[in-house]
Amino acid sequence: MTSQYDKIIIFDCDSTLSSIEGVDELARAAGESATQEIEKMTAQAMEGKIALESIFAKRLEIIQPSADSVSKVGKLYIDTVEPSAKQVITTLKDRGWTPIILSGGYRQAIKPLADYLGVEFIEAVDLYFNEDGSYRDFDHNYPSTRNGGKPEVVKSLREKYSPNKIVAIGDGVSDLESKPVIDMFIGFGRYAVREKVKQEADYFITDLQEVVSLVGNW
């Protein structure tokens with residue numbers, strides 16, 4: 001008997017389902033110098049030049065994001081959504097795929113985009129706020145806060161749902177790390193081309209609609 005989750009397709013969020021990097025947008029509220037520093041750290045981590053865990057807490061300490069600023073980024077994700085994302089996800093769902101967003105970003109910011117796209121499952125980092133909405137902390141134990149974390153999440157999804165196929169799509173090296181534990185990794189380069197991802201992905205695309213044909217026979 002075929003499971004409800006027989007085919008799982010995992011999407012990165014930043015620079016894949018949306019053209020922005022959410023953490024960089026949060027940084028803008030902290031001023032120009034902070035923005036430049038954080039954009040540089042984010043790019044280096046996504047290219048695999050520095051460990052994600054070496055910057056994850058540091059970026060949030062610099063930004064001190066409020067609940068309100070995170071909510072604004074949630075709206076911005078929708079404003080900057082990848083134009084074909086909604087159609088692609090709807091088509092995949094119609095063909096029996098379960099879409100999941102797996103991100104090193106922040107769950108509260110990603111949820112509005114997920115709702116807009118019709119994606120029920122979000123695997124991302126929870127932020128914690130004080131009663132006045134000021135930043136308190138983040139979930140230090142969540143796997144996608146560190147390198148090697150996304151494969152951990154994929155393994156847990158495989159154990160929980162026992163799918164026959166898992167496909168993942170993303171732009172960063174942290175996404176590419178899941179390649180050994182999935183059936184197909186698709187690199188996405190419309191907004192950011194990471195050479196390592198381009199070289200090592202099973203497929204590399206710049207148009208998200210190509211995903212439908214790549215997985216169409218499964």
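1. Helices H4 (residues 67-79) and H6 (residues 107-117) pack at an angle of about 30°, with their axes 7 Å apart. They are therefore roughly parallel to each other (angles under 35 degrees get that label). Axes here are lines fitted to C-alpha atoms over the stretch in contact, and angles run from 0 to 180 degrees between N-to-C directions. Helices are DSSP runs of at least four residues (H or I), strands of at least two (E), numbered from the N terminus.

2. A word on the source: this is a predicted model, where local features need pLDDT of at least 70, side-chain atom pairs count only at pLDDT 80 or more, and totals for chains, interfaces and linings use all residues. Residues are numbered from 1 along each chain as its sequence is written, and side-chain values use heavy atoms, leaving out hydrogens and water.

3. Who touches whom? On the H4 side you'll find Val70, Val73, Gly74, Tyr77 and Ile78, meeting H6 residues that include Ile110, Leu113 and Tyr116 (contact means heavy atoms within 4.5 Å).

4. Now look at two serines. Phi of Ser15 is near 60°, a positive value in a residue other than glycine. Ser15 sits in the loop between strand E1 (7-11) and helix H1 (22-27), and at 4% relative accessibility it counts as buried (under 20% relative accessible area; exposed is over 50%, partly exposed in between, with a 1.4 Å probe and protein chains only).

5. Ser162 also has a positive phi, near 50°. Its loop runs between helix H7 (149-161) and strand E6 (165-170). Ser162 is exposed, with a relative accessible area of 52%.

Key
Parallel < 35°, antiparallel > 145°, perpendicular 65-115°, else oblique.
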